[in-house]
Amino acid sequence: MSATPKELADEAVVLRTYKSGESDRVVVLWTRHHGKLRALAKGVRKTSSRMGGSLEPMGHVKVDLIKGRGELFITKNVAHLERMSNLRSDYQRIAAGLAVVEVIDAIPTDESADEGIFEMLVRVLRTLDNTDFHPELVAASFFFKLLAYDGSEPVVDHCVTCASPGPLVAFNAEVGGTLCVNCRSGSALSADALMLIRRILGGDLASVLREDAPPGSGEVMSLSHDAIEAHFGKRLTVSRSTAPLAPLRTPPLP
Ligand SMILES: [Zn+2]
């Protein structure tokens, strides 16, 4: 990245925020043109603050920032670019969205000035906001797509160790994909889950997401989580909560 400018205007997604001092908040942003940035939003926890509402995680916003001390910027202006109210009114959609921003936040920052990832991020949030699509597999699909984007797409059409066409009975993210009976390690893989992963990576994602929890969904969610953790080499917390071992049927938030 070139020298950081003193003042910048950009489009961003809020990855997370945390409290700072009495009334301030630090906002972690993934911007379109400047990668991942941290900005101090002064006075934003006061009830009179106009910026507060735009600084929620998953917000797609327009920001004006001024260079502060060290790595930190100061927010001059933050405004919503789109509301995404469906995303914010359903527990499963919120959980999936938080899993997505958590994973984006885990991307090593030296890779962060990447407009392609920004585009993928906005697209996945819009997908979660679109009630034509079921939210269950959105985060899982995003994790597989992100691996593919990063050049680490798992092998799912043959055994990653011996190249046998199958039957493929296991998935091991550390090894890089599906495994046959003789080479198996990692997690057991059902035929349903294998088919779903192939559809997700093979260009059939939109129709997968129109189906309400297709067979193998739980497995695919769990495997995608293992794969993204193996890729970044760190434990992620929020994304685990998207695994629907017991279906979540929490009433919408007000
Ligand atoms: Zn094999």
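Which strands does helix α1 lie across, and at about what angle does it run to β1? I looked this up in a predicted model. Helix α1 (residues 91-105) lies across β1 (7-20) and β2, and its direction is at about 105 degrees to that of β1.

I then checked helix α2 (residues 115-129). I found it lying across β1, β2 and β4 (60-67), running at about 65 degrees to β1.

Next I traced the sheet. Five strands form a closed barrel in the order β1-β2-β3-β5-β4, and the pairing is mixed. Direction ignored, neighbouring strands of this sheet are turned by 50 degrees against each other on average. I looked at one pair in detail: β2 (residues 24-31) and β3 (residues 35-41) run antiparallel and are joined by seven bridges. In this pair I noted R25, which stands opposite A41 in β3.

I went on to the largest nonpolar core. It has 62 residues, and V13, V14, L29, V100 and F143 have the most contacts inside it. Domain 1 (7-82) and domain 2 (87-242) both contribute residues, so this core lies between them.

Last I took helix α4 (residues 191-201). I listed A193, L194, L196, I197 and I200 as buried there. These residues lie on the same side of α4, because they cover an arc of only 160 degrees around the axis. I found the buried residues of α4 packing against α3 (138-149), β6 (168-172), β7 (177-180), α5 (205-210) and α6 (217-232). After α4 comes G203, with a positive phi near 100 degrees.

Note on methods. Residues numbered from 1 in each chain as written. Predicted model: local features only at pLDDT ≥ 70, side-chain atom pairs only at ≥ 80, totals over all residues. Buried ≥ 20, exposed ≤ 12 C-beta atoms within 10 Å, placed from the backbone. Helix = DSSP H or I, 4+ residues; strand = E, 2+ residues; numbered from the N terminus. Arc of directions from axis to C-beta. Contact = placed C-beta atoms within 7 Å. Core = buried A, V, L, I, M, F, W, Y, C linked by C-beta atoms within 7 Å. Domains from an automatic or database assignment. Pairing = 2+ DSSP bridges. Axes fitted to C-alpha atoms, helices over the stretch in contact; angles between N-to-C directions.
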